[in-house]
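Have the sequence and the 3D view open as you read.

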Amino acid sequence: MKKILSLFLFCLITFVAAAQKERNYIYLLDCTQSMITPNQIWDETKKYLRDDIQNLSPECEVNVIPFQGNPYPNIKFVRKDFSDKKWNEIEKTIDGYIQNKTSTNICDTWDSAMKFIDPLKDNYFFLLTDGEDNIKGMDEVCRRIKEWCSKYSDGTYGFYVMLCEKARSKKLREAVANCTSFFLYDANGHPIPIGLFKPHDIRVSTRDLDERRTLTFSFTDNVAVKTECSDPLFTVQIKDGRIKEGQAIVQVQPRKDMKEIHQDLEGQEVYSFQVKLIPDKVRLIGDILNVEVINKPIRSLSMVDVEQNMGKATYYNAFLFWGEKSQDTLHVDLEALYNEEARTTNANVTMQCSLVDGDPGFAMLYNGKLCTDNTFDINNSTKGSVLSLVFDKNAKAGKRHIMIKPIKISGLELINGNDADDYSLTLRARYGTKWNPLKVILLWVLGLILLALVLWFVCLRQIVYPRFKVKKLYIAEPLVRNIKLRGTRKVVFSNKEQKQSLLNKIFTGTICFMTHEIWKDEWEIVPSGKTVRLSGTKNRYLVDPPSSRLTKGEEYTLTDEDKNKTVLTIS
């Protein structure tokens, strides 16, 4: 089944532009047992599904919908969260499903998957199956394909992947005939990577042949591309002969001297021809580019026409002495430029900004001036064409999709080579709130303090201030005391009353203070491994039996220079 390997390169289909449109991938995965026996394509299908997902860009939304007699729950995630662990979870789930003997229910799975299509994104809908719907029948599958073709034309594409011969159907081929948004792929053939491009129609003026047009392709790899054009007057060249990062720069070039061309086109306002694009190792769906050459003065405007991501604005409130954050201003340069004919007629376009998705709570500015009723004028008298967005501080966090379209056109025929009325531009922006930096700093300081405290009490305190492991200290002279040692960190002997502070006790451990007039020189008993040792007695006390470390159960006598005795026993 190696013939299916290149099939999954279909998933490269994503229009890439200066700001890439958000993408949504939906995979309907046949998990019936025929994928294992007799077709033996289960492991290969899983492997290349995994590879395909890994090749998507990080922000893609992915939906994997396994199905048998009924659709199983959608496995939904963002590509950047796809890891070996995530794949292992998916594989364990679908391997469990395939153990069940069931029918193949394409129709209900299709219906359940349709709700995951997002009209604000480019959608790519893949049905991977090795058979036919044997519950509702292939007529119902074909009906759904025809409904798809009548509903979607640009930005949402479907792919019926026939993994083996049994999945082929004459009815399917009839259903997709002349459809521009749903395609069949036969994995028993020799499929190669598939690509799309837009627009399919460009216009240029004989006075502006130097003006270049940009074609946007669905694949992001750098691909060599050739053009075939038999027109006697013009040819079309692709800059550097390559599609780079999903785009190709197209320029119409004359085959003759322009004086001769003007003579050939005398009395003809519009001249049309076609060019075939032939990329290397990629099959284009619709490989014909239609070119119209306008042989008259034409008033045109060039400006950005691919979706723009304006970025994310953030805000935080004032906290203590740290003031609130001033509102971010998001910008996009529309790069609006009139040609000479449009400038001489003082062409003007009034654009309107409309919220397509998300909550309001923002203001639009054009070249720094507030857009009244969210409209602005593009004319020759204004320098620059920068559109800005400023959110209200109390705006709801989340995404905004804004559509820009002309509502009033004066002295202008084309925008970017197409009818000015057809122009539209989508903007994306995000708004969010965050903590005041002072709060963050204080939280970090608090966290570090808490971490230090945990480290101190759990680990370091036991090392710096070890505790007694013996149970008791019995003093027979000069006073009688039975002192519990376990859990304390030392015993101090002196002739002065002493008291340990609460903080010292908490952070270092308990100290036991013993007071008597004969202990003029302070000395201590401290932990030493599993026993104890004397500290501060050297050259002051005579210890009998002589030792600085005291053995449990043995009585020790300490005699000072005044013959005062201290008798003690460790137990």
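## Two cis prolines

Let's begin at Pro 38, which sits in the loop between strand S1 (23-30) and helix H1 (42-54). Helices (H or I, at least four residues) and strands (E, at least two) are DSSP runs, numbered from the N terminus. The peptide bond that leads from Thr 37 into Pro 38 is cis, with omega near 15°.

A cis peptide bond also joins Asp 544 and Pro 545, where omega is about 0°. Pro 545 belongs to the loop between S37 and strand S38 (549-550).

## What kind of model this is

This is a predicted model, in which local features need pLDDT of at least 70 and side-chain atom pairs count only at pLDDT 80 or more, while totals for chains, interfaces and linings use all residues. Residues are numbered from 1 along each chain as its sequence is written, and side-chain values use heavy atoms, with hydrogens and water left out.

The pLDDT, the predictor's confidence in each residue on a scale from 0 to 100, averages 86 for the protein, and 94% of the residues score at least 70. Over residues 1-19 the pLDDT is below 50, yet this stretch has 83 contacts in the model beyond near neighbours in sequence. Contact here means heavy atoms within 4.5 Å.

Are they buried or exposed? Thr 537 counts as buried because its relative accessibility is 8%, whereas Asn 539 is exposed, with a relative accessible area of 78%. The cut-offs are under 20% relative accessible area for buried and over 50% for exposed, with partly exposed in between (1.4 Å probe, protein chains only).

Leaving out residues up to four places away in sequence, Thr 537 touches Trp 523 and Leu 558. Asn 539 has a positive phi of about 65° although it is not a glycine.

## Another positive phi

Leu 320 is also a residue other than glycine with a positive phi, near 55°. Its place is in the loop between S19 and S20, and it counts as exposed because its relative accessibility is 66%.

## Two strand residues

Tyr 271 is part of strand S15 (residues 270-279). Which residues does Tyr 271 touch, not counting those up to four places away in sequence? The list runs through Asp 231, Pro 232, Leu 233, Phe 234, Leu 265, Val 291, Glu 292 and Val 293. Tyr 271 is buried, with a relative accessible area of 13%. The C-alpha atoms of Tyr 271 and Pro 466 are separated by 95 Å, and the two residues are 195 residues apart along the chain.

Lys 226 lies in strand S11 (residues 223-228). At 63% relative accessibility, Lys 226 counts as exposed. Aside from neighbours within four places in sequence, Lys 226 is in contact with Lys 276, Leu 277 and Ile 278.

## Nonpolar cores

A nonpolar core is a set of buried Ala, Val, Leu, Ile, Met, Phe, Trp, Tyr and Cys residues joined through side-chain atoms within 4.5 Å. The largest one has 35 residues, and Phe 376 and Leu 387 have the most contacts inside it. Elements that give two or more residues to this core include strand S19 (308-315), strand S20 (329-333), strand S25 (375-379), strand S26 (386-391) and strand S30 (425-433). The largest share, four residues, comes from S30. A second, separate core of 32 residues includes Met 35, Leu 49, Ile 75 and Phe 183.

## A cavity

Rolling a probe the size of a water molecule over the atoms shows where empty space is left. On a 1 Å grid over the protein atoms alone, a cavity is a set of points where a 1.4 Å probe fits but cannot get out, and lining residues have an atom within 4 Å of a point. The structure holds one cavity of 30 Å³ or more. The largest cavity has a volume of about 50 Å³, where volume is the space filled by probe spheres set on the grid points, joined across faces, edges and corners.

Among the residues that line the largest cavity are Arg 203, Asp 208, Glu 211, Ile 298 and Asn 339. Strand S9 (residues 201-205) gives the largest share of the lining, three residues.

Note on methods: On a 1 Å grid over the protein atoms alone, a cavity is a set of points where a 1.4 Å probe fits but cannot get out, and a pocket is an open set with protein on both sides within 12 Å along at least five of seven lines; lining residues have an atom within 4 Å of a point.
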